[in-house]
Amino acid sequence: MYRSALLLTWSLFMLPLSGFATLNPNQPLSEAPPFSLFAEWAKPVKPFRIADNVWYVGTENLSSILITTSEGHILVDGALDASAQNIRQNIESLGFNIHDIRIILNSHARLDQAGGISKLKLWSGALLAASQANADQMGRGGKDDFALGDALPFPPVTTDIIVHNGETINLGEVTIKALLTPGHLPGSTSWLFSLPRGRTMIYADSLATPGYYLVDNKNYPALVNDIRTSFATLSAQHVDIFIANKGERFNLAEKRTRLYAGDKNAFTDRDGLQKYVSQSKQTFEELLKKQAGFSK
């Protein structure tokens, strides 16, 4: 019933996937990280409660969170393909049924955030929501990545709901707002949540440009303008709980230690998002300045 209602509500926003991206043969690609790094990030951890209705079900450094409501649940990101079974086990060990997941959200379409989504969507029967560019990239299984080419493929998956900047999805007591924050990838999306009891949470996407060609990138000409806009978009958000798609970006390990020591508000962090944006912006501008100097 709820899946049908969601599908009907959002059918006006669903668009067909576009064809394959065309990478410019004159644009060098960046070096992809070794898979051993992703495997290190994907070490299993026990799930735990972040806040009322919010649960961490991801891996040591690849975030995946479950938001529960009276009308079904929301899952954000799926880590690696190999992580999907562990995420399912984490969800079920908390006492939740994977078939009660109604919506899966994606931050960006690379193997460490989207790799497990195909299985999780199949198992749950949930609808997948993503930006158009992320939907296209997930439909290609990560191939024709503007920065990495075909270096990091993952199981392709079809998106059901295309979201545009500022659009909202309501499920039970929770409202989800899509914030398009391109730069790391053209489709990068951060998700803003209005939770019960008036609390707010953001799941922020990556603002990193690791080894990217920033100056006159022929595969992504708008990269510099896009990520600067994303810095401004995220800096303007003020939330109670800051989560990012990599644990190291929101001090996951330190906050988890505090939680286990009895601090029930360990994940309340009203300054964390702004610190994350500021640090990311500084790193980006230094890299851009360095590359611009070399290109003269």
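Visitor: Let's start with L207. Which residues is L207 in contact with, leaving aside its neighbours within four places in sequence?
Guide: With those neighbours left out, L207 is in contact with I227, S230, F231, L234, Y276, V277 and S280. Keep in mind that this is a predicted model.

Visitor: Where does L207 lie?
Guide: L207 lies in the loop between strand 11 (200–204) and helix 7 (223–235).

Visitor: And is L207 buried or exposed?
Guide: L207 has a relative accessible area of 3%, which is under 20%, so L207 counts as buried.

Visitor: How far apart are L207 and T283, in sequence and in space?
Guide: They are 76 residues apart in sequence, and their C-alpha atoms are 9.7 Å apart in space.

Visitor: Okay, pockets now. What's the volume of the largest pocket?
Guide: The largest pocket has a volume of about 290 Å³.

Visitor: How many residues line the largest pocket, and which lie nearest its centre?
Guide: The lining has 19 residues, and P33, W41, R110, H184 and P210 are the ones nearest the centre of the pocket. By type, the lining residues divide into 10 nonpolar, three polar and six charged.

Visitor: Which helices each supply at least two residues of that lining?
Guide: Helix 2 (35–41) and helix 4 (111–114) each do that. The largest share, three residues, comes from helix 2.

Visitor: You mentioned H184. Where is H184 found?
Guide: H184 is in the loop between strand 9 (174–180) and strand 10 (189–194). H184 is buried, with a relative accessible area of 7%.

Visitor: What does H184 touch, not counting residues up to four places away in sequence?
Guide: H184 touches H108, R110, F146, S206, A208, P210, Y212 and I227. With A208 there's a polar detail too: a polar atom of the H184 side chain lies 2.7 Å from the backbone oxygen of A208.

Visitor: Switching to rings. How many aromatic pairs does a search of the whole structure find?
Guide: The search finds 11 aromatic pairs. Take F48 and Y260: their ring centres are 6.2 Å apart and their planes are at 80°, so the pair is edge-to-face.

Visitor: Which parts does that pair tie together?
Guide: F48 lies in strand 1 (residues 48–51) and Y260 in helix 8 (residues 252–260), so the pair ties together parts that are 212 residues apart in sequence.

Visitor: What about F48 and Y260 themselves, buried or exposed?
Guide: F48 is buried, with a relative accessible area of 4%, whereas Y260 is exposed, at 54%.

Visitor: Which residues form one aromatic cluster?
Guide: F48, Y56, Y260 and F267 form one.

Visitor: Tell me about F267 then. Where does F267 lie?
Guide: F267 lies in the loop between helix 8 and helix 9. F267 is buried, with a relative accessible area of 1%. Leaving aside neighbours within four places in sequence, F267 is in contact with residues including F48, I50, D240, F242 and L259.

Visitor: New topic: helix 3. Which residues of helix 3 are buried?
Guide: In helix 3 (residues 84–93), the buried ones are A84, N86, I87, R88, N90 and I91. They pack against strand 3 (65–69), strand 4 (72–76), strand 5 (101–105) and helix 5 (117–124). Just after helix 3, G95 has a positive phi of about 95°.

Technical notes:
Residues numbered from 1 in each chain as written. Predicted model: local features only at pLDDT ≥ 70, side-chain atom pairs only at ≥ 80, totals over all residues. Heavy atoms only, no water. 1 Å grid on protein atoms, 1.4 Å probe; cavity = no way out; pocket = protein on both sides within 12 Å on 5 of 7 lines; lining within 4 Å. Points joined across faces, edges and corners; volume = space filled by probe spheres on them. Helix = DSSP H or I, 4+ residues; strand = E, 2+ residues; numbered from the N terminus. Nonpolar A, V, L, I, M, F, W, Y, C, P; charged D, E, K, R; others polar. Buried < 20%, exposed > 50% of the residue type's maximum accessible area, 1.4 Å probe, protein only. Polar contact = N/O pair within 3.5 Å; in protein donor to acceptor, adjacent residues only side chain to side chain. Contact = heavy atoms within 4.5 Å. Phe/Tyr/Trp six-rings, centres within 6.5 Å; stacked < 30°, edge-to-face > 60°.
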